[in-house]
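Colleague: I want to learn how to read a fold like this one. Where do we begin?

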Amino acid sequence: MTSRRRHIFDPAFGLAAFLLASLLRSYHLFLEPRFWAEEGNVYYAFMQISPDFWSSISFVFRSNFMLSTNLAVWLSTLVPAYWAPHITTVIS
């Protein structure tokens with residue numbers, strides 16, 4: 001039972017260690033989040049006028065389909081614009 005319980009918590013420990021290391025290394029990014037690269041002027045702008053979820057996550061920019069970026073930016077459109085960079089920063 002002990003080995004199974006330890007096996008279940010290993011990923012959680014790894015994730016917690018990663019998040020702690022990220023916060024310690026670049027805490028300023030979490031204090032003043034911002035959009036990265038094309039997230040603000042291309043992806044976010046498109047997601048705001050996009051008619052539905054499926055067209056948002058299937059957005060292709062310069063022949064690149066980036067599902068994780070599409071999902072993160074789509075989630076950021078669900079909150080007020082002030083909080084949108086916070087969402088994309090935490091997800092990325």
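Modeller: With what counts as a helix. Helices are DSSP runs of at least four residues, numbered from the N terminus. By that rule, Leu-67 lies in helix H5. One caution: this is a predicted model.

Colleague: Is Leu-67 buried, exposed or partly exposed?

Modeller: Buried means under 20% relative accessible area, and exposed means over 50%. Leu-67 has 40%, so it is partly exposed. It also belongs to a nonpolar surface patch with Val-60, Phe-65 and Leu-71. Together these residues have about 340 Å² of accessible area.

Colleague: Which residues of H5 are buried?

Modeller: General idea to start. An α-helix has 3.6 residues a turn, so residues three or four places apart point the same way. Now the case. In H5, residues 67–76, the buried ones are Thr-69, Asn-70, Ala-72, Val-73 and Ser-76. Down the axis of H5 they fall within an arc of 165°, so they line one face of the helix. That set packs against H3, helix H4 (53–57), strand E2 (64–65) and helix H6 (84–91).

Colleague: Take Thr-69. What does it touch, beyond residues up to four places away in sequence?

Modeller: Thr-69 touches Glu-39 and Tyr-43. Its relative accessible area is 17%, so Thr-69 counts as buried.

Colleague: Which residues make up the largest nonpolar core?

Modeller: In soluble globular proteins, nonpolar side chains tend to be buried together. Here the largest such core has 8 residues: Val-42, Tyr-43, Tyr-44, Met-47, Phe-59, Phe-61, Val-73 and Ala-84. Helix H3, residues 40–49, gives the most to this core, with 4 residues.

Colleague: And H6? Which of its residues are buried?

Modeller: Ala-84, Pro-85, Thr-88 and Thr-89. Seen down the axis of H6, these fall within an arc of 130°, so they line one face of the helix. Their cover includes helix H2 (27–31), H3 and H5.

Colleague: One last residue. Is Ser-56 buried or exposed?

Modeller: Ser-56 lies in helix H4. Its relative accessible area is 1%, so Ser-56 is buried. Leaving aside neighbours within four places in sequence, Ser-56 is in contact with Phe-46, Met-47, Ser-50, Asn-70 and Trp-74.

Colleague: How far apart are Ser-56 and Arg-34?

Modeller: They are 22 residues apart in sequence and 20 Å apart in space, C-alpha to C-alpha.

Technical notes
Residues numbered from 1 in each chain as written. Predicted model: local features only at pLDDT ≥ 70, side-chain atom pairs only at ≥ 80, totals over all residues. Heavy atoms only, no water. Core = buried A, V, L, I, M, F, W, Y, C linked by side-chain atoms within 4.5 Å. Buried < 20%, exposed > 50% of the residue type's maximum accessible area, 1.4 Å probe, protein only. Helix = DSSP H or I, 4+ residues; strand = E, 2+ residues; numbered from the N terminus. Arc of directions from axis to C-beta. Contact = heavy atoms within 4.5 Å. Patch = residues over 30% accessible without salt bridge, like charges linked within 9 Å, V, L, I, M, F, W, Y side chains within 5 Å. Areas by Shrake-Rupley, 256 points an atom, 1.4 Å probe, with all protein chains shown as cover. Salt bridge = Lys/Arg side-chain N within 4 Å of Asp/Glu carboxyl O.
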